[in-house]
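The following explanation leads the reader through a structure step by step. Please keep the sequence and the model in view while reading.

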Amino acid sequence: MTAEGCGAPAGGAPVSAAKDAGNQAVVQGKVTRNGSAVQVGYARLLNSGGDFVAEVPLGEDGGFRFFAAPGSWTLRVLAPGNIRAERVVSADIGRVTELEVAV
Amino acid sequence: MSRSDVLTGADWVEAHGSDPGVVLVEVDEDTSAYDKGHIRNAVKIDWKADLQDPVRRDFVDKAGFEALLSERGIANDDTVILYGGNNNWFAAYAYWYFKLYGHHNVKLLDGGRKKWELESRELVTEVPQRAKTSYHAQEQDQAIRAFRDEVVAAIGNKNLVDVRSPDEFAGRLLAPAHLPQEQAQRGGHVPTAKNVPWSKAAEEDGTFKSDDALRKLYGDEAGLDFGRDTIAYCRIGERSAHTWFVLHELLGQPNVKNYDGSWTEYGSLVGVPIEVGDAK
C-alpha cells in the first residue's frame, strides 16, 4: 500500500511509465481550448449511472488522469466561464485510454 | 447550530479575509496547489506533513498541534476559515481535526477552492507573514472519533455509513478512481453499512446541498435512522470527515463519529466480518 493516502497532485497521480498501465485501468488526457492547454479547471469522472466518482484539478498542461475499474465512464470537464464538456470513455485493465477534450 | 455558524461564502471571505482575528487556511488534497496560487492572506496546512504523525499511524499529538498552530500564527480566539479543493474534502477533514483538538471557532468556505476558481476570483502567490502565537489545544474530543473495536461493535447496532464510491463499497476498487489501486487489503465493506458516497452531499460547484436535500439523501434514500448514533468511514478518514460535517454540523445529529482508521485499517484486520457486493 502506498503511504500517500489520498493525496493526488493536480492532473492526477503519475503512472510508472507514461504508456504502461500495468494492472491499472487508466483514463487520461488533456483539456484544450483553441489549441492551448486549459490550466484552470476540473475533470470529474462519473460512473455509468451518472454518479460522481472522482475529481482532479487540471494540471499545468491541461492534463488529468484516473485509475478506474473496467467499464464505461463519463468524463466531465468544468472550467471558469461556465465551460462544461463531456466525453464517454471505456476503461480496461492494462490499458491507458487517452482522450483530448477541446472546450 | 445554523449554517452560518459553520459555513461562510466567497463574498464574505473577499470582504473580511484580511480582518484581524480571521485566519484563512488552505488544506488541499493536492498539497502543491497552495504554492501555485491561494486566496490572499491564506496560510497553508499540509494534511499529511503537518497533521499526521511521521512514524505511527495517528495524528500529531496535542503538543504537535499546538506547535503547528502557533507557528502558523493562529490564536485560540481566531476565527479560522478553512477551504480546499475537491469539494472541500481535505478542508472538512481539517475542520473535524480542529474540532477534535477543541478549536470551536472554525468554518468552511462553502464550495472551497473549486467554486472560487470557477468564479475566477483572485488567487495570489505571496505568503502572508503572521506573528507566532502560543496556541493551547484541548485534549482530543473522543466523542467525534471512532476506533476499530467500536466499529465492529456497531455492526447491526448503530448507523454505519460507508462514504466511498459504489465500486469501492462493492470491493471492485480499493481506492478512489483518481489514485492508483492498492492491493494490500481485502475489498468490500463493513456489514450493515449503508453506502452514501460523500460527494452526493455536494453540488457540482462544491457547495453543500440544502438541509432538506441532505435529510432526504441520508434518511429517505439511504435509510439512516436519525434516532441512532452514527459512525462514518471511507478509506483513510478524509471523505468521511466531509460526511461527519454534513451529519453533525449541518444536520445537527448529536452522536456522529468519524472512523479515521477506515477501510485501510478495517480491510486489513484479521477475523472481522466483511461483506462484498453492491448495496442492497
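Which residues does A94(B) touch, leaving aside those up to four places away in sequence? The model in which this question is answered is a predicted one. In it, A94(B) touches V27(B), I45(B), W47(B) and L82(B), once residues up to four places away in sequence are left out.

These contacts lead into the interior of the model. In general, nonpolar side chains tend to be buried together in soluble globular proteins. The largest nonpolar core here has 65 residues, and L82(B), A94(B) and Y95(B) are those with the most contacts inside it. Helix 5 of chain B supplies eleven residues, the largest share of this core. Both domain 1 (3-140) and domain 2 (143-266) of chain B give residues to the core, and therefore it lies between them. Another core, of 32 residues, lies apart from it; among its members are A43(A), A54(A), A69(A) and L118(B).

Strand 3 of chain B is joined by two bridges to strand 2 (residues 22-26) of chain B, and the two run parallel. Within this pairing, K44(B) in strand 3 of chain B is the bridge partner of E26(B).

The view may now widen to chain B as a whole. Chain B contains eleven helices and ten strands. Its C-alpha atoms fill a box of roughly 50 × 40 × 35 Å along the principal axes. For 280 residues, a compact globule would have a radius of gyration near 19 Å, and the 18 Å of chain B agrees with this. Of these 280 residues, 48% count as buried. Contacts in chain B between residues at least 6 apart in sequence join residues at least 24 apart in 75% of cases.

Of the contacts in chain A with a separation of 6 or more, 58% are between residues 24 or more positions apart.

Five bridges connect strand 6 of chain A with strand 3 (residues 42-46) of chain A in the antiparallel sense. There, R44(A) stands opposite R76(A) of strand 6. Strand 6 of chain A also pairs with strand 7 (residues 83-91) of chain A, again in the antiparallel sense, over nine bridges. In that pairing S72(A) stands opposite S90(A), a residue of strand 7 of chain A. Strands 6 and 7 of chain A form a hairpin with three residues between the strands, where G81(A) takes a positive phi near 90°.

Definitions and conventions:
Residues numbered from 1 in each chain as written. Chains lettered and ligands numbered in written order. Predicted model: local features only at pLDDT ≥ 70, side-chain atom pairs only at ≥ 80, totals over all residues. Pairing = 2+ DSSP bridges. Helix = DSSP H or I, 4+ residues; strand = E, 2+ residues; numbered from the N terminus. Rg over C-alpha atoms; globule rule 2.2 N^0.38 Å. Buried ≥ 20, exposed ≤ 12 C-beta atoms within 10 Å, placed from the backbone. Contact = placed C-beta atoms within 7 Å. Core = buried A, V, L, I, M, F, W, Y, C linked by C-beta atoms within 7 Å. Domains from an automatic or database assignment.
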